[in-house]
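Trainee: Could we go through this model together, one piece at a time? I would like to see how each answer is reached.

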Amino acid sequence: HMGLQVLAPDVNQSFAEFAVVPDTNQIRFGMNAVKNVGTNAVEEILRARKEGGEFASLEDFLKRVNVRIVNRKNLESLVKAGGFDSMGDRSELLFNLDNMLAYAVKVQKDAAEGQTDLFGNLLDEMIAPLALEKSPNQIGDHEMLQWERELLGLYLSSHPLDKYDAYFTEQTMPIGNLTKEMDNKVATVGGVVMDSRSIVTKSGSKMAFVKLEDKSGEMEIIVFPKLFEEVGDKLAQDTVLKIKGKLNAKDRDGRIMDDLKIIADDITVVTPEELTNYKATGKSMKSPKASAKSLATDVGGVKVTYKPVDELRAPAPQPEPEEIKPRLYVHVKNPDDHDSLLKLKQTFNNFPGAHEVVLVLGLDKKSAMRMPFKIEPAEDLQTSIAGLLGPDCVALK
């Protein structure tokens with residue numbers, strides 16, 4: 001929206017945190033933000049780069065970076081996230097990870113044993129060059145996008161729904177255009193399944209909660225047992241679906257909430273064949289109109305409220321309530337203290353779990369931010385945060 005381009009992580013260009021590329025409208029992904037790449041590995045890569053300059057090639061990287069610190073898992077994640085795109089094809093590099101590590105161990109072992117001192121600059125000529133075998137399988141765009149979502153937390157190079165633009169414009173309503181004022185209206189949405197979670201009801205039947213995302217937003221789809229019996233096997237992650245159902249913004253007590261959901265009546269998979277054979281009409285599907293507001297008047301001094309007929313009908317059935325886990329609230333009084341923020345992030349990384357984290361920013365506490373990860377609010381974690389930011393800066397509620 002701001003005209004800024006976010007670039008993939010790169011072992012030659014990235015730093016530990018996100019950084020602005022000088023004299024451009026670009027931001028380079030930080031290596032610390034890549035899942036499975038720890039702080040120690042990032043610091044080792046930056047050390048080697050600081051001492052010897054940018055890596056001239058893959059072989060140069062494997063010679064200079066200590067692979068006892070930057071291990072196989074670190075390398076695999078960096079390759080999948082695009083960190084080595086300037087040095088080779090991702091398919092080929094992943095297929096040759098073992099060869100790369102063996103090469104690095106050999107080179108670094110010979111150097112440690114003093115062969116560099118004995119033979120001087122002839123060492124490079126004595127070591128057989130790194131030979132990469134051709135990968136039998138080429139990795140497709142879909143799989144690379146899955147890696148980006150898994151390791152970076154978002155689709156970066158493109159979006160899996162790019163080729164669905166014309167289809168969804170005409171056949172569905174953008175999720176971002178749907179509002180709580182459309183409660184109880186029928187809507188058709190489409191998107192990719194980001195997460196699907198099934199539960200067993202008290203009656204022993206299965207139902208599901210599906211997180212669906214299109215290019216305008218995301219929302220939860222509730223699939224009750226009868227429909228789940230028909231389509232349960234189609235609700236897998238990364239499946240592209242078209243869903244028709246009733247919008248629901250009410251809680252169990254009938255109060256309108258901000259969290260809009262769809263109670264699904266019909267779910268279909270949008271297959272590649274259907275997409276290929278689809279003929280665009282040029283007509284967009286319109287979103288439903290918001291429900292009419294209640295009308296109030298005075299009758300003989302008594303205030304009477306008239307509501308639309310739809311609102312007088314029985315509310316849609318609600319799923320069984322889930323256990324609400326307490327959130328960990330952390331007050332960051334000085335959001336510009338980057339060292340403290342980095343230490344805070346590293347502390348969170350040591351306590352993965354199922355509880356949300358909310359950062360409350362500034363002395364006035366007027367801004368809040370929900371973190372894209374979850375933690376286990378152990379006593380050790382809260383003690384560490386209290387030591388870093390102060391005992392009054394952490395609360396679990």
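Predicted model: local features only at pLDDT ≥ 70, side-chain atom pairs only at ≥ 80, totals over all residues.

Trainee: How many of the ten residues of H3 are buried?

Mentor: Residues are numbered from 1 along each chain as its sequence is written, and side-chain values use heavy atoms, with hydrogens and water left out. Buried means under 20% relative accessible area, exposed over 50% and partly exposed in between, with a 1.4 Å probe and protein chains only. H3 is largely enclosed by the rest of the structure, because its buried residues number seven of the ten.

Trainee: What are the helix and strand totals of the chain?

Mentor: Helices (H or I, at least four residues) and strands (E, at least two) are DSSP runs, numbered from the N terminus. On that basis the chain comes to 14 helices and 14 strands.

Trainee: Which helices do the buried residues of H3 pack against?

Mentor: The buried residues of H3 are Asn74, Leu75, Ser77, Leu78, Val79, Lys80 and Ala81. Contact here means heavy atoms within 4.5 Å. The packing partners of these buried residues are H1 (39-52), H2 (58-64), H4 (90-95), H5 (97-112) and H8.

Trainee: Which residue caps the N-terminal end of H3?

Mentor: A polar contact is a pair of N or O atoms within 3.5 Å; within protein, one must be able to donate a hydrogen and the other to accept it, and residues adjacent in sequence count only if both atoms are side-chain atoms. At this end of H3, a side-chain oxygen lies 3.2 Å from the backbone nitrogen of Lys73, and that oxygen belongs to Asn71.

Trainee: Which residues of H3 and H8 make the contact?

Mentor: By class, the contact of H3 with H8 has four nonpolar residues, one polar and one charged. Here Ala, Val, Leu, Ile, Met, Phe, Trp, Tyr, Cys and Pro count as nonpolar, Asp, Glu, Lys and Arg as charged, and the others, Gly among them, as polar. From H3 come Ser77, Lys80 and Ala81, and from H8 come Trp147, Leu151 and Leu152.

Trainee: How do H13 and H14 run relative to each other, roughly parallel or roughly antiparallel?

Mentor: H13 (residues 338-349) and H14 (residues 379-389) have axes 10 Å apart and pack at an angle of about 175 degrees. The contact includes Leu344 and Phe348 of H13 and Ile385 and Leu388 of H14. With that packing angle, H13 is roughly antiparallel to H14.

Trainee: Which backbone oxygen does the side chain of Ser14 reach?

Mentor: Ser14 sits in the loop between E1 (5-7) and E2 (19-20), and it counts as buried because its relative accessibility is 0%. Among the residues that Ser14 touches are Arg28, Met31 and Leu46. At 2.8 Å, the side chain of Ser14 reaches the backbone oxygen of Phe29.

Trainee: How far apart in space are Val193 and Thr239, C-alpha to C-alpha?

Mentor: Val193 is in E4 and is buried, at 0% relative accessibility. The residues that Val193 touches include Val210, Leu235, Asp238 and Leu241. Val193 and Thr239 are 46 residues apart in sequence, yet their C-alpha distance in space is 5.4 Å.

Trainee: What is the phi of Asp238?

Mentor: Asp238 belongs to the loop between H10 (225-231) and E7 (240-250). Asp238 is buried, because its relative accessible area is 19%. Its phi is positive in a residue other than glycine, with a value near 75 degrees.

Trainee: Which side chain does the side chain of Thr201 contact?

Mentor: Thr201 lies in the loop between E4 (186-200) and E5 (206-214), and it is buried with a relative accessible area of 11%. At 2.9 Å, the polar contact of the Thr201 side chain is with the side chain of Ser203.

Terms used
Axes fitted to C-alpha atoms, helices over the stretch in contact; angles between N-to-C directions. Parallel < 35°, antiparallel > 145°, perpendicular 65-115°, else oblique. Lists of a residue's contacts leave out its neighbours within four places in sequence.
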